[in-house]
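Trainee: Can we go through this model together? I would like to take it piece by piece.
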Amino acid sequence: MPDETLTQRPIAPNPAEAEAQLKADAATEASESKDFAPMPKPPEGYDPREEIMDRVVAAIKTCYDPEIPVDIWELGLIYRVDMDGQRNVEIDMTLTSPMCPVAGELPEQVRQAVLGVEDVNEVKIELVWEPPWHQGMMSEEARLQLDMF
């Protein structure tokens, strides 16, 4: 039989002493527990909003105009994305046409996608028509996807 050492705590004579012993044991374990290294300090000049903005753009890229198989970021429908110090996001966007059948749905889809980004508090979408959207606003990636060279 292997040599095993068992440790048993003494039984406290009353509930108050037992509770005090449990608190003391927990404090000792907490002070002795060094399982995790301290978090490294971020590099000088680091702004966490840059990382959040990358995630905001990734969320926007999940939104598509249902008539065009390219995300709205690559289509050039997003004109401005700003975030303030409280991590509230403002987006100016347009549609391919004022008569676009998803005019009422697409801005809300974008808002919901960006609200789903961790650390974003509020999202305000402004639908704008100036400058009017044109095919020249599409990224090269979008043109390649649509065979528009």
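Trainee: What sits between the strands in the hairpin of S1 and S2, and which residue there takes a positive phi?
Mentor: There are 5 residues between the strands of that hairpin, and Arg 87 among them has a positive phi near 65°. Arg 87 is a residue other than glycine. Helices (H or I, at least four residues) and strands (E, at least two) are DSSP runs, numbered from the N terminus.

Trainee: Before going on, what kind of model is this?
Mentor: This is a predicted model, in which local features need pLDDT of at least 70 and side-chain atom pairs count only at pLDDT 80 or more, while totals for chains, interfaces and linings use all residues. Residues are numbered from 1 along each chain as its sequence is written, and side-chain values use heavy atoms, with hydrogens and water left out.

Trainee: Back to Arg 87. How accessible is Arg 87?
Mentor: Its relative accessibility is 26%, so Arg 87 counts as partly exposed. Buried means under 20% relative accessible area, exposed means over 50%, and partly exposed is in between, with a 1.4 Å probe and protein chains only.

Trainee: How many bridges join S1 to S2, and which way do they run?
Mentor: S1 and S2 run antiparallel and are joined by 5 bridges. Two strands pair if DSSP finds at least two bridges between them. Val 81 has Ile 91 in S2 as its bridge partner.

Trainee: And S2 with S3, parallel or antiparallel?
Mentor: Parallel, again with 5 bridges. Glu 90 has Lys 124 in S3 as its bridge partner. Ile 91 stands opposite Ile 125 in S3, and Val 89 stands opposite Val 123.

Trainee: What is the strand order in the sheet?
Mentor: The order is S1-S2-S3, an open sheet of 3 strands with mixed pairing. S1 and S3 are at the edges with a single partner strand each, so one side of each has no neighbour in the sheet. From one strand to the next the twist averages 15°. Axes here are lines fitted to C-alpha atoms, for helices over the stretch in contact, and angles run from 0 to 180 degrees between N-to-C directions.

Trainee: Is S2 mostly covered or mostly open?
Mentor: Mostly covered, as 4 of its 5 residues are buried.

Trainee: Which helix lies across S2 and S3?
Mentor: H4 does, running at about 155° to S3. S2, H4 and S3 also make a right-handed β-α-β unit. A crossover is right-handed if, with the strands pointing away from the viewer, the path from the first strand over the helix to the second runs clockwise.

Trainee: What about the loop between H4 and S3? Which residue there has a positive phi without being a glycine?
Mentor: Asp 119 lies in that loop, and its phi is about 80°. At 36% relative accessibility, Asp 119 counts as partly exposed.

Trainee: Changing topic to H2. How does its span compare with what its residue count predicts?
Mentor: At 1.5 Å a residue, the 13 residues of H2 (residues 48–60) should span 18 Å, and the end C-alpha atoms are 19 Å apart, which agrees. The expected span is 1.5 Å times one less than the number of residues.

Trainee: Which residues of H2 are buried?
Mentor: Ile 52, Val 56, Val 57, Ala 59 and Ile 60 are buried. Seen down the axis of H2, they fall within an arc of 155°, so they line one face of the helix. The arc is that of the directions from the helix axis to the C-beta atoms. On the other side of H2, Glu 50 and Asp 54 are exposed.

Trainee: What do the buried residues of H2 pack against?
Mentor: They pack against helix H3 (72–75), strand S1 (78–83), strand S2 (89–93) and helix H4 (106–115). Contact means heavy atoms within 4.5 Å.

Trainee: Last topic, the loop between S3 and H5. Where is the cis peptide bond?
Mentor: The cis bond joins Glu 130 and Pro 131, with omega about -5°. Pro 131 has its place in the loop between S3 and H5.

Trainee: And Pro 132, which residues is it in contact with?
Mentor: Leaving aside neighbours within four places in sequence, Pro 132 is in contact with Tyr 79 and Met 137. Pro 132 lies in the loop between strand S3 (123–127) and helix H5 (140–145). At 49% relative accessibility, Pro 132 counts as partly exposed.
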